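Please look over the sequence and the model below before reading on. The briefing that follows covers charged pairs, packing and confidence.

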Amino acid sequence: MLSQYLQKLMGKHPVKTKPIIDAERYDTLNSRLLQKELFQPFDESKAFFPEETALIKSIRTETAALNRNNITRTQAYLAFYNRNPEVHWAFLAHMVSRNGGYHMTDLKSSTMTHLLDRAERQKFFLFLERANSAIFADAFPQLLLYEHAKQKELPLRRYLPVFRISRFMAPIWESFIEDPHSPLLTTALIINEQRMLQERILKRTSHGEILRRLDFRLQEYLGFMKVIFPYANKQKGLHNLTGLTVERFADPKQRIETGKLLYGLLFQHPAVFRGVGQFTKEIPHTGSREDYWGSIYTSDVSTSKDDEVYSPTLHDAWEDQLFFPPHSFDWFTNENFIEDLRSTPIIKKTDLTNEVLENVKQLKTLNGMKSIF
């Protein structure tokens, strides 16, 4: 099933992959990951030196402040990447989080007014918001700890448990500090965040059921589940797009493979990497699809024309939500999860501009038909 999914995404058969790390490095990581005694669980009574306590408080405060909404999270990822370009995951997270913001505002766009009722839109927004915020709460302290470790040697195994980070990540970060290997770190963070999301949110909150119920319906609304990367100017107000369609989002294994594909698309193709980088420098994230297609979308409902799609900014669409910390147990209970570190699929760049344009037209038609019936 997974290979068929990848073949459909990549348009090729058989699927080509490449190793992420060599066999020796994989075996070393595997051995360190399985040595549970090396990773001590967080002990509330454990004493920290004053400077350690100050660091922990500082990271918690900064993470909480930047976890306000999708806009602040998305920009935080980019700012971190600009300071630490060796951490590829931060740039990938910025682009995926941009798409998360687009999906949030789509729920209030003029193409979705009749496809989902108000209650469904609210529930799906809360799912998107919870997932976006939970990933940030888990990942950003890791990024900040790494940034401090670059300046001053830190025993990461001592600090990661304080932030309820899976023991899966300790040897990964240690390996990265010794020898920066961006594909390994990026892949590990993709695995960590999706497994965390599955175990702490989808399995143990009502959001899992909401996702399963809405997932099929959303596939009917063409283009809604695409992750797009604007990478070139086709004409004024219209960027060329590449990316892929996310299918079976409820399956964590496929979300991990999708993350790997998106990473390859962003960093293995120079034209995409340069174009997306230029886009992020020129266009601040607002949540509105007007950011990349200003000739088709508008964020100003008062001046929208009949042929334009109203796509609000995040601030206009949704209020900030209180953050509720997810369950804090470690997801890394299945040793087979390590296998996802072995290899990554190879993906070709495909221009999706015309396909997404057609999806927008079809979505407007579906919405109009639904308003009649």
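A polar contact is a pair of N or O atoms within 3.5 Å; within protein, one atom must be able to donate a hydrogen and the other to accept it, and residues adjacent in sequence count only if both atoms are side-chain atoms. By that rule, the side chains of E174 and R32 are joined by a polar contact of 2.7 Å.

The model is predicted: local features need pLDDT of at least 70, side-chain atom pairs count only at pLDDT 80 or more, and totals for chains, interfaces and linings use all residues. Residues are numbered from 1 along each chain as its sequence is written, and side-chain values use heavy atoms, with hydrogens and water left out.

**Overall build**

- The protein chain has 14 helices and six strands; helices (H or I, at least four residues) and strands (E, at least two) are DSSP runs, numbered from the N terminus.
- Of the 373 residues in the protein chain, 55% are buried; buried means under 20% relative accessible area, exposed over 50%, and partly exposed in between, with a 1.4 Å probe and protein chains only.
- The protein chain exposes about 17,200 Å², of which carbon and sulfur atoms supply 53%; the areas come from the Shrake-Rupley method with a 1.4 Å probe, and for residues only the protein chains shown count as cover.
- Among contacts (heavy atoms within 4.5 Å) with a separation of 6 or more, 77% are between residues 24 or more positions apart.

**Helix α8 and E174**

- Helix α8 (residues 169–178) is largely enclosed by the rest of the structure, because eight of its ten residues are buried.
- The buried residues of α8 are M169, A170, P171, I172, W173, E174, S175 and F176.
- These buried residues pack against α2 (23–33), α6, α7 and α9 (182–202).
- E174 lies in helix α8 and counts as buried at 17% relative accessibility.
- Not counting residues up to four places away in sequence, E174 touches R32 and R157.
- R32, R157 and E174 form a linked network of salt bridges, a salt bridge being a side-chain nitrogen of Lys or Arg within 4 Å of a carboxyl oxygen of Asp or Glu.
- In the loop between α7 and α8 sits R164, whose phi is near 60°, a positive value in a residue other than glycine.
- R164 is partly exposed, at 29% relative accessibility.

**Other salt bridges**

- The whole structure holds 16 salt bridges.
- Side chains of opposite charge can pair when their charged atoms come close.
- R158 and E52 meet through their side chains in a salt bridge (2.7 Å, N to O).
- That pair links distant parts of the chain, with R158 in helix α7 (residues 156–159) and E52 in helix α3 (residues 50–66), 106 residues apart.
- R158 is partly exposed, with a relative accessible area of 22%, whereas E52 is buried, at 8%.
- E147 and R83 also meet through their side chains in a salt bridge (2.6 Å, N to O).
- Here E147 belongs to helix α6 (residues 118–151) and R83 to helix α4 (residues 70–83), distant parts of the chain 64 residues apart.
- E147 counts as buried at 13% relative accessibility, and R83 as partly exposed at 43%.
- R289 forms a salt bridge with D106, the closest N and O atoms being 2.7 Å apart.
- This pair also links distant parts of the chain: R289 is in the loop between α12 (270–282) and β4 (297–298), and D106 is in helix α5 (residues 88–106), 183 residues apart.
- Both R289 and D106 are buried.

**Nonpolar cores**

- A nonpolar core is a set of buried Ala, Val, Leu, Ile, Met, Phe, Trp, Tyr and Cys residues joined through side-chain atoms within 4.5 Å.
- The largest nonpolar core has 90 residues, of which W89, F168, M169, W173, F229, L266 and L341 touch the most other members.
- Helix α6 gives the most to this core, with 15 residues.
- Leaving aside neighbours within four places in sequence, W173 is in contact with Q142, L143, Y146, L156, L160, L185 and L189.
- A second, separate core of 14 residues includes I228, L238, V309 and V356.

**Confidence**

- The protein chain has a mean pLDDT (the predictor's confidence in each residue, from 0 to 100) of 86, and 87% of its residues reach 70 or more.
- The pLDDT is below 50 over residues 1–6, a stretch with 14 contacts in the model beyond near neighbours in sequence.
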